[in-house]
Amino acid sequence: MSEAIATVVVVFTKQCPGCRTVRGSLCQSCRIRLVGDSQVFIGFDAGPVSGTALAYYDDFAQRVILAAKNGGRTDVLRDLGILLTDILFTPSRSGEHPAVVSWIPASRSGRRARGYDPGRLLARSVGRELNHMHLEVGVDLPVKVRPLFTRGGGCRQTGRSRRQRLDGPDLRWLGSDPIARLILVDDVVTTGSSMRSAVSLAVRHGAVSVDAVALASVR
Ligand SMILES: [Zn+2]
């Protein structure tokens, strides 16, 4: 009987994916360790677009992000989204156009395998947190979270060659209303090709400013 109870505890107790000792989502010291002293500049291979990531995709960041992306830890994704909000420089101010948060969609096969789209959960967390921030400073400018991109081909970035990755996913624009300010969220940036195609699509469809943020960038 006591053995059965112990098993139940093991199955249902989630641990911090960073240190694997503290119960719950990403613990405070692992958050600090992940973010480090400075943000990571995402330099894209071509084009004028740049962005910011929380960390380099080194061992520690990889452990945390893979747990969140592939290990079903949607609680960790939500917390990582809040950390992303910290590196977004300026929330919208009164008089500005409200920002739209969107994400680079996972491939259909990736979504099916995981049961969720990590980018979508990150974007929702960023949107929710930005709205909290606006409420705190008394700005009545709701941030919306919208799917603006869809994949044409449906091929996964994982497992593709660097050349194929540089070509990026075949993204198409889903937006209907013009977007003034886009906050683009992604999990891991490898070559920046996905972000680059998403940003150029958004700019072509009228986006005036784009903040591109990611959890981690490959060195
Ligand atoms: Zn921890």
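# Helix packing in a predicted model

The chain of this predicted model contains eight helices and eight strands.

User: What percentage of the 219 residues in the chain is buried?

Analyst: A residue counts as buried if 20 or more other C-beta atoms lie within 10 Å of its own. Among the 219 residues of the chain, the buried share is 37%.

User: What share of the contacts with a separation of 6 or more joins residues 24 or more positions apart?

Analyst: Two residues are in contact if their C-beta atoms lie within 7 Å. Of the contacts in the chain with a separation of 6 or more, the share from residues 24 or more positions apart is 69%.

User: How does the span of helix H3 stand beside the expected value, and what is that value?

Analyst: Helix H3 covers residues 59–70. This helix has twelve residues, and its first and last C-alpha atoms are 16 Å apart. That reach is close to the span expected at 1.5 Å a residue, which is 16 Å.

User: Which residues of H3 are buried?

Analyst: An α-helix has 3.6 residues a turn, so residues three or four places apart point the same way. In H3 the buried residues include Ala 61, Ile 65 and Lys 69.

User: Is Ala 61 buried or exposed?

Analyst: Ala 61 has its place in helix H3. The cut-off for a buried residue is 20 or more other C-beta atoms within 10 Å. Because Ala 61 has 23 other C-beta atoms within 10 Å, its class is buried.

User: Which residues does Ala 61 touch, not counting residues up to four places away in sequence?

Analyst: The C-alpha atom of Ala 61 is separated by 8.4 Å from that of Leu 215, although these residues are 154 apart along the chain. With residues up to four places away in sequence left out, Ala 61 touches Leu 34, Ala 55, Tyr 56 and Ala 216.

User: Which word describes the arrangement of H2 to H3?

Analyst: Two packed helices are described by the angle between their axes and the distance between the axes. The axes of H2 and H3 come within 9 Å and cross at roughly 125°. That angle makes the arrangement of H2 to H3 oblique.

User: How many charged residues are in the contact of H2 with H3?

Analyst: H2 passes H3 in a left-handed crossing. Cys 30, Arg 33 and Leu 34 of H2 make the contact with Phe 60, Ala 61 and Val 64 of H3. By class, these residues divide into five nonpolar, no polar and, for the charged class, one.

User: Which word describes the arrangement of H3 to H4?

Analyst: The axes of H3 and helix H4 (residues 74–87) come within 7 Å and cross at roughly 120°. The arrangement of H3 to H4 is therefore oblique.

User: How many nonpolar residues are in the contact of H3 with H4?

Analyst: H3 passes H4 in a left-handed crossing. Val 64, Ala 67 and Ala 68 in H3 meet Val 76, Leu 77 and Leu 80 in H4. The contact of H3 with H4 has no polar and no charged residues, and its number of nonpolar residues is six.

User: What span should the 14 residues of H4 have?

Analyst: The end C-alpha atoms of H4 are 20 Å apart. This agrees with the value at 1.5 Å a residue, because the 14 residues should span 20 Å.

User: What is the handedness of the crossing of H4 and H6?

Analyst: The axes of H4 and helix H6 (residues 118–136) come within 8 Å and cross at roughly 50°. That makes H4 oblique to H6. The crossing of H4 and H6 is right-handed.

User: How many charged residues are in the contact of H4 with H6?

Analyst: Among the residues of this contact are Arg 78 of H4 and Glu 129 of H6. The contact of H4 with H6 divides into nine nonpolar, four polar and, for the charged class, two.

User: Is Arg 20 buried or exposed?

Analyst: Arg 20 is found in the loop between helix H1 (2–12) and helix H2 (28–35). Its phi is near 55°, a positive value in a residue other than glycine. Because Arg 20 has 10 C-beta neighbours inside 10 Å, this residue counts as exposed.

Definitions and conventions: Residues are numbered from 1 along each chain as its sequence is written. This is a predicted model: local features need pLDDT of at least 70, side-chain atom pairs count only at pLDDT 80 or more; totals for chains, interfaces and linings use all residues. Axes are lines fitted to C-alpha atoms, for helices over the stretch in contact, and angles run from 0 to 180 degrees between N-to-C directions. Helices (H or I, at least four residues) and strands (E, at least two) are DSSP runs, numbered from the N terminus. Angles under 35 degrees count as roughly parallel, over 145 as roughly antiparallel, 65 to 115 as roughly perpendicular and the rest as oblique. A crossing is left-handed if the near helix is turned anticlockwise from the far one by less than a right angle, and right-handed if clockwise. Ala, Val, Leu, Ile, Met, Phe, Trp, Tyr, Cys and Pro count as nonpolar, Asp, Glu, Lys and Arg as charged, and the others, Gly among them, as polar. The expected span of a helix is 1.5 Å times one less than its number of residues. A residue is buried if 20 or more other C-beta atoms lie within 10 Å of its own, exposed if 12 or fewer, and partly exposed in between; C-beta atoms are placed from the backbone.
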